[in-house]
Amino acid sequence: MSSRRAIRVLPDPLVSQIAAGEVVERPASVVKELVENALDAGATRIDVRLEGGGIRRIVVSDDGCGIERDELPLALARHATSKIATLQDLERVASLGFRGEALAAIASVARVSITSRTATAAHAWRIDAENDAIEPAAGGPGTRVEVADLFFRTPARRKFLRAESTELAHCVTQVERIAAAHPGVEFNVWHDGRAVLALPAATLAARALKLMPEEFAGAQRTVDARAGPIALAGWVGLPTAARARADAQSFYVNGRFVRDKVLAHAVRAAYADVLHGQSQPIYALFLTIDPARVDVNVHPTKSEVRFRDPQAVHQFVLHAVQAALAPAAQVPAATPPAQLWPAWRGAQPALAVEQPVAAYLTLAAPEGALARETGTTLRPLEAHTDSPLGVALAQLAGIYILAQNRHGLVIVDAHAAHERIVYEKLKRQFEARELPQQRLLIPQMFAADALDVATAEEHADTLAAIGLDLAPASPTQLVLRALPALLAGADGQVLARAVLRDLRQYGGSRVLTERRDELLATLACHGAVRANRRLTIDEMNALLREMEATERADQCNHGRPTWVQLSIGDLDRLFLRGR
């Protein structure tokens, strides 16, 4: 049995080193704290010089307001700050830093010196954290903080650092994250005397797009929404620009880069209709909110926040991003982006919801026919080319519709486009609890294993809710008597098996709530026009008009593009005309 040990007060150096463990994880942590201090000081230019990946030396210089000589010792003291003074200040933090512990924590695990000069001082002053000695120094207005030999006081911590190249990459990433939200400030980073990052002052759009992946600039939509004390601006990538990893997702709250589950979930939910599976969207979003409505004093690194009303923030972000991905009616651009076919990366003009389709044939008639020959006579070509998707010319390989609009050639994936149309209609009908059924004249009976039969019996209410009358006919057979009217032309047996598979995977209690969209997407996929189905010109034009009246028609339910535009200029370049 161990002997009792007396309770004692920890010495200040040990307290500081414990606190440093929360603030200083690696060189990038030091860079973050020092750059944020420079921004709080009003800097318009920040230079970061690194040696050995930041392990040997970090120097951050700025042209901010500087620190008075008599306040230099306080800058290195624990819990000393100029940014808050009362509890009310803490509840409305508007600065990036406010805890007053970063410099003290860094000084407890590294050698730190500060050289600073205010605008009215005759010269700069330098303080060394080792002995608190203050002496005159050379330097212009602003502050220069030097951090050397990181973790020399705690060698065990130093062993956990990675290779210099890895630590350098983390430092540069940290500067880029901060710079994205402060475009009016110039940022420069050098490593071992070599320039590795140069960001001149710019607009928010130019700065953010420069720091995002190359393909983002040509495959994104603008977000701009406001509701009372909260606003969201920035850019979200099209589903076609999605990536396998979540390494191009930036979210800022009042200029602070954060990792927040509420915000991340809201954005992901906004992509639910256009991006399934494990694909990750790309985005750079900037949330502005009354500081009193968000708590930034959650963690010493200040990378987490807590909202006073998280549900309201979640819904605001969700709807703002959804609106950007599914734009409302608008006039199409006069000239679409010029792009050669081989270089196409998924960017295309936004498809506008332009006109009602009552005058056109429908591809999804209740009786299941794609469209009926009605003797409709198409008007001359020129009368249709002002529509965003123009007028159909032909069908290629039983898959693609070729159409002409006033910009040039439009190529449509008929199955992908019709899948989106059917999906959106199913969602509207389901939400309105008006999902009409189509009774089969001759019920379809097919063999099924015991698991399918048990699933159909267990989830009979769920099947009915989505318009399927599917029930066991025997221990080894199922019978389908009705299906949603929109899917009347689908292969009933294949559709039924796919739905039963979803029910087993997600569970009946979840499939009509959090997994509803996946289930409806499965239905839409089986109800869409299949490849190699020969369409008439009337049917093709009906599909084009339906696309123009359908939100999110630019992508199918799985995030693939439904159409692309080739301008006359693109075609001329492909055939080397004019050379």
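Thr562 sits in the loop that links helix H17 (537–548) to strand S22 (563–567). The model is predicted. Thr562 counts as buried because its relative accessible area is 1%, against a cut-off of under 20%.

The Thr562 side chain makes a polar contact with the backbone oxygen of Ala553, at 2.5 Å. Setting aside neighbours within four places in sequence, Thr562 touches residues from several parts of the chain's numbering, including Ile411, Val412, Asp413, Ala416 and Ala417. Met547, Ala553, Asp554, Gln555 and Cys556 are also in contact with Thr562.

## Helices H9 and H10

Helix H9 (residues 261–270) and helix H10 (residues 310–325) cross at roughly 35°, and their axes come within 8 Å. The crossing is right-handed.

On the H9 side, the contact involves Val262, Leu263, His265, Ala266, Val267, Ala269 and Ala270. H10 contributes Pro310, Val313, His314, Val317, Leu318, Val321, Gln322 and Leu325. Twelve of the residues in this contact are nonpolar, three are polar and none is charged.

## The chain overall

The protein chain holds 18 helices and 22 strands. Of its 579 residues, 48% are buried. Take the contacts between residues at least 6 apart in sequence: 70% of them join residues at least 24 apart.

The accessible surface of the chain is about 27,600 Å². Carbon and sulfur atoms account for 53% of that surface.

Key. Residues numbered from 1 in each chain as written. Predicted model: local features only at pLDDT ≥ 70, side-chain atom pairs only at ≥ 80, totals over all residues. Heavy atoms only, no water. Axes fitted to C-alpha atoms, helices over the stretch in contact; angles between N-to-C directions. Helix = DSSP H or I, 4+ residues; strand = E, 2+ residues; numbered from the N terminus. Left-handed = near helix turned anticlockwise from the far one by under 90°. Contact = heavy atoms within 4.5 Å. Nonpolar A, V, L, I, M, F, W, Y, C, P; charged D, E, K, R; others polar. Buried < 20%, exposed > 50% of the residue type's maximum accessible area, 1.4 Å probe, protein only. Polar contact = N/O pair within 3.5 Å; in protein donor to acceptor, adjacent residues only side chain to side chain. Areas by Shrake-Rupley, 256 points an atom, 1.4 Å probe, with all protein chains shown as cover.
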